[in-house]
Amino acid sequence: MFVSAKNKVAALLVLLALILVPAPLLPPLALAGKVQAIFGIGWKSAYLMAAIGLQVVLYGSLGVVASFAVGAAKERRGRWMQLLVVPLVVVGIAIAVRSLKLGHVPMLANAAVPIVACVLGMLIGLGFRQHGWRVTLGSMLVLSSGMLWAYWPGVSSDLGRATEMQLRRIAEAASRLPNGEERFGVLLQTVFAPMPAASTRPSAVEHNRAAILALGIAVGHERLSRYVGLNRNSELVRMAVGVRSGTTLRGRDDWARHYCLSAALAVVENPFVSDAGGLIKEELDALTHGSGFSFGDLAADRAGVRFAEAATQSEKAADAMQVRLGNGYTVDDFFPKISDLPENLTLEQFRQDYGGVGSQRYRETFREIETRLDACAALALP
């Protein structure tokens, strides 16, 4: 295939841009400030929105430019090969350059946005070259709508009703709950206990999913209530959220919230999204001078995800979790000791001690967390 001077220039521009772009790519504070002023949101949310927006614009633009680095294919088969192969090549180069600059392979959670933006940019550029802007725009709208529909978090109406029933159980038990470690265990036992006899009883998996969602709303964050069709300001939600104060895990109320929130997100979304959300939150705390990067919080997030997986993987696993909690609760079965893990690391401390997310030392600490979680009997998959 003939490669023109324009193709070579486009390829050179992409390569230079990938080399010159800082890693990690962080937004200027002024940009985050403008986002905060425009949308009226908190500083952390504004910073995260600015960071994602900056990466989408930059890597999406690189993808468009990269589409002009290859000669126009004349046959349909060649055009399809370009659509499939070119994005993979550019993404591979981008990951290689980023890995060399950081000194380690980036975590998938951090590389996901640049990769997706780059691929979409190349698809737009190649589509424009091959079919014109009308077909390209229409195709991208259909693709975007399909992805939004497929991945937008939410639950079925039946699961929503089951979650509402679980919230009522929590609200009714609120006045009888003990404080601290014991309260967390009693809450688990309350929502995982079989429902009273009814005309229609959900499967064990659906029962456990509703239980986890109810805990996510009550102990994690009431914003999750919108995923099950409930008003976060309703009397039921407010009563259920009342149990949050005094609920601790290993003596920490924030770990109880991380655990339940991540478990619920794994139910309404998927485990990767929940893991990535926990990781992004910890990085955001360090970047925006919040509470700092905490491996303890990350362990609580990961434990919640694994708990949700173990409790909902199959009917057999769901029944086993109900039986386990029916026989009693031991914190060691659900959450390991993690008080010795590093916490409250600023961005400077994190970079100095660990080099970044995905570095060898970071991966060693992450593997240590996984090893401790493996020792928790309730988190093991059957």
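User: Why is the crossing of helix 6 with helix 7 called right-handed?

Analyst: Helix 6 passes helix 7 in a right-handed crossing, because the label goes to a near helix turned clockwise from the far one by less than a right angle, and left-handed to one turned anticlockwise. Helices here are DSSP runs (H or I, at least four residues; strands are E, at least two), numbered from the N terminus. Keep in mind that the model is predicted, with local features needing pLDDT of at least 70 and side-chain atom pairs pLDDT 80 or more, while totals for chains, interfaces and linings use all residues. Residues are numbered from 1 along each chain as its sequence is written, and side-chain values use heavy atoms, leaving out hydrogens and water.

User: What makes helix 6 and helix 7 oblique to each other?

Analyst: Their axes cross at roughly 135° and come within 9 Å. The axes are lines fitted to C-alpha atoms over the stretch in contact, with angles from 0 to 180 degrees between N-to-C directions. Under 35 degrees counts as roughly parallel, over 145 as roughly antiparallel, 65 to 115 as roughly perpendicular, and the rest as oblique. So helix 6 and helix 7 come out oblique.

User: Which residues make that contact of helix 6 with helix 7?

Analyst: Helix 6 brings Gln166, Arg169, Ile170 and Ala173, and helix 7 brings Leu187, Thr190 and Val191; contact means heavy atoms within 4.5 Å. They divide into 4 nonpolar, 2 polar and 1 charged. Ala, Val, Leu, Ile, Met, Phe, Trp, Tyr, Cys and Pro count as nonpolar, Asp, Glu, Lys and Arg as charged, and the others, Gly among them, as polar.

User: How do you know that helix 7 and helix 13 are oblique too?

Analyst: Helix 7 (residues 181-192) and helix 13 (residues 315-326) pack at about 130°, with axes 9 Å apart. That angle therefore makes the pair oblique. The crossing of helix 7 past helix 13 is left-handed. On the helix 7 side you have Leu188, Gln189 and Phe192, facing Met321, Gln322 and Leu325 of helix 13. By class, that contact has 4 nonpolar, 2 polar and no charged residues.

User: What makes Gln322 buried?

Analyst: Gln322 sits in helix 13. Its relative accessible area is 16%, so Gln322 is buried. The cut-offs are under 20% for buried, over 50% for exposed and partly exposed in between, with a 1.4 Å probe on protein chains only. Leaving aside residues up to four places away in sequence, Gln322 touches Phe192, Ala204, His207 and Asn208.

User: How does the span of helix 7 compare with the expected one?

Analyst: From first C-alpha to last, its 12 residues reach 17 Å, close to the expected 16 Å. The expected span is 1.5 Å times one less than the number of residues.

User: Which residues of helix 7 are buried, and what do they pack against?

Analyst: Arg183, Phe184, Gly185, Leu187, Leu188, Thr190, Val191 and Phe192 are the buried ones. They pack against helix 6, helix 8, helix 10, helix 12, helix 13 and helix 14.

User: Why does Leu177 count as buried, out in a loop?

Analyst: Leu177 is in the loop between helix 6 and helix 7, and at 10% relative accessibility it therefore counts as buried. Beyond residues up to four places away in sequence, Leu177 touches Arg183, Val186, Leu187 and Val243. The C-alpha atoms of Leu177 and Thr247, 70 residues apart along the chain, are 9.5 Å apart.

User: Why are helix 10 and helix 12 called oblique?

Analyst: They pack at about 40°, with axes 7 Å apart, so this pair is oblique as well. Their crossing is right-handed. By class the contact has 10 nonpolar, 4 polar and 3 charged residues.

User: Why is Glu309 called partly exposed?

Analyst: Glu309, in helix 12, has 26% relative accessibility, so it counts as partly exposed.

User: What makes Asn344 exposed?

Analyst: Its relative accessible area is 52%, so Asn344 is exposed. Asn344 is found in the loop between helix 14 and helix 15, and its phi is near 55°, a positive value in a residue other than glycine.
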